[in-house]
Amino acid sequence: MEAGGQPAAPHVSVILPVHNAEAWLDECLRSVLQQDFEGSMELSVFNDASKDKSMTIIEKWKVKLEDSGILVVIGGHDSPSPRGGPSSCAMWDATSTWSDERCHVRAQDPNPGPPQQIGYSKNQAIAQSSGSYLCFLDSDDAMMPQRVRLQHEAAVRHPTSIIGCQVRREPPNSTERYTRWINQLASDQLLTQVFTSHGPTVVMPTWFCSREWFSHVGPFDEGGQGVPEDLLFFYSHLRKGGGVVRVDQSLLIYRYHPKAATHSVLETTIWTHRVRFLEERALPHWAAFTIWNAGRQGRRLYRSLMAESRRKVVAFCDVDENKIKKGFYSYEDSEERPKPRVPILHFRAARPPFVICVKLDLTGGAFEDNLRSLHLQEGRDFLHFS
């Protein structure tokens, strides 16, 4: 207890947004209870207009968690009325009713609405929590018992980093390529492969960071459905000089299912953010570069670039003899006169640096062998984009 009889702030707040998660909540909340972390913990739940039995399950587990010494904070809204009102930390001060032991809060948005989407829910769960460190958890996932302990240790050593971990995918055979990418990136690739279509190099449900660093970078974008709030936060984190660290143990059961919020984000939205980030962070360091892939994805990247970046493209390269025999790519939609004609070369005749628009782990190793044969350094001589 602190002076004045108030309990000390917990070391770690587990941040749990919930929307219609009854199918997974028992396993999720049991995994919070089973953590072997010896410091103090808090669970901060924000229930975003769930219409199933999620709140009943949360209330049941609240008793078990509090009995084990884990503080529980519950906020949210359940009104079907139209969305309205700001989302601000001040709202919690005005509407929260604390229990005697500061272990349970029920808060209602004074202007509630339908589901506010994940960025809003995360921000509210963080605003009502008080831990020095934030451990993010999705309601359809479950943690291994050592997760909080190991990631807290890493976060203490790396105070300006997002700490991730390896995952165990459920069902096991879903998204096999993506899961391999999550688990097998080398430590330097956590920073060099930030431009790919896979998104953040440590996946959001594995994030762990200090509250101080989150406050420096955040909050999450609250634009609603279709906004990649985790990717936008990750880019802001990198812009502010943040690091990326992965605990190389499988600490999360990472569930794949059709209702996951990830499926609501359009690929075109992700693509636009990725291209702009590539132009902001990487292309200014290169006077010229080659796009590896003269096919659809490479041409799409070329067309998506700003004019200044397009002028730096000196060639496309490929292994497809038919594309190479064509000799060049003509950008017919260009307003420039004459219209740009970009040479198409065999990859061995092309000069680095390369922006690679070839999907990894899809060619039986042929592409990867070709790339290794050039003895290039990732980050300096090439970057993966697809």
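## A glycine to start with

Is Gly224 buried or exposed? With a relative accessibility of 13%, Gly224 counts as buried, because buried means under 20% relative accessible area. Keep in mind that you are looking at a predicted model.

To find Gly224, look in the loop between helix H8 (211–217) and helix H9 (229–239). Then look for Gln117: Gly224 and Gln117 are 107 residues apart in sequence, while their C-alpha atoms are 5.1 Å apart in space.

## The chain as a whole

Of its 386 residues, 53% are buried.

The contacts in the chain tell a story about sequence distance too. Take the contacts between residues at least 6 apart in sequence: 79% of these join residues at least 24 apart.

In soluble globular proteins, nonpolar side chains tend to be buried together. In this model, the largest nonpolar core has 94 residues, and Phe136 and Leu301 are those with the most contacts inside it. Strand E10 supplies the largest share of this core, with six residues. Another core, of 11 residues, lies apart from it and includes Phe354, Ile356, Phe367 and Leu371.

Setting aside neighbours within four places in sequence, Phe136 touches a list of residues including Ile15, Ile126, Met204, Trp207, Phe214 and Phe220. Arg147, Pro205 and Cys209 are also in contact with Phe136.

Where does strand E8 sit? Strand E8 covers residues 161–170, and eight of its 10 residues are buried, so this strand is largely enclosed by the rest of the structure.

E8 pairs with strand E10 (residues 243–255) in the parallel sense, over 10 bridges.

## Two helices side by side

Next, find H9 again and look for helix H10 (residues 267–281). The axes of H9 and H10 come within 11 Å and cross at roughly 5 degrees. Angles under 35 degrees count as roughly parallel, and therefore H9 and H10 are described as roughly parallel to each other.

Which residues meet where these helices come together? From H9 come Leu231, Leu232, Tyr235, Leu238 and Arg239. From H10 come Ile270, His273, Arg274, Phe277, Glu280 and Arg281.

## A six-stranded open sheet

Six strands form an open sheet in the order E13-E14-E12-E11-E15-E16, with mixed pairing. Strand E13 (328–330) and strand E16 (382–384) stand at the edges with a single partner strand each, so one side of each has no neighbour in the sheet. On average, neighbouring strands of this sheet are turned by 25 degrees against each other, direction ignored.

Within the sheet, strand E11 (residues 289–292) and strand E12 (residues 313–318) pair in the parallel sense over four bridges. Trp292 has Cys317 in E12 as its bridge partner. Helix H11 (residues 296–304) packs on the sheet and touches E11, E12, E13, strand E14 (341–346) and E15. The direction of H11 makes about 165 degrees with that of E12.

## Salt bridges

How many salt bridges does a search of the whole structure find? There are 15. One of them joins the side chains of Lys60 and Asp26, at 2.9 Å from N to O. Lys60 belongs to helix H2 (residues 54–67) and Asp26 to helix H1 (residues 25–33), so this pair links distant parts of the chain, 34 residues apart. Both ends are partly exposed: Lys60 has a relative accessible area of 40%, and Asp26 has 26%. Another joins Asp361 and Arg180, whose closest N and O atoms are 2.6 Å apart. Asp361 lies in the loop between strand E15 (354–356) and helix H14 (366–373), while Arg180 lies in helix H6 (residues 176–184), so the pair ties together parts that are 181 residues apart in sequence. Asp361 is partly exposed at 38% relative accessibility, and Arg180 is partly exposed at 33%.

A further salt bridge brings together the side chains of Lys323 and Asp318, at 3.8 Å from N to O. Here Lys323 counts as partly exposed, at 27% relative accessibility, whereas Asp318 counts as buried, at 8%.

Conventions. Residues numbered from 1 in each chain as written. Predicted model: local features only at pLDDT ≥ 70, side-chain atom pairs only at ≥ 80, totals over all residues. Heavy atoms only, no water. Buried < 20%, exposed > 50% of the residue type's maximum accessible area, 1.4 Å probe, protein only. Pairing = 2+ DSSP bridges. Salt bridge = Lys/Arg side-chain N within 4 Å of Asp/Glu carboxyl O. Core = buried A, V, L, I, M, F, W, Y, C linked by side-chain atoms within 4.5 Å. Contact = heavy atoms within 4.5 Å. Axes fitted to C-alpha atoms, helices over the stretch in contact; angles between N-to-C directions. Parallel < 35°, antiparallel > 145°, perpendicular 65-115°, else oblique.
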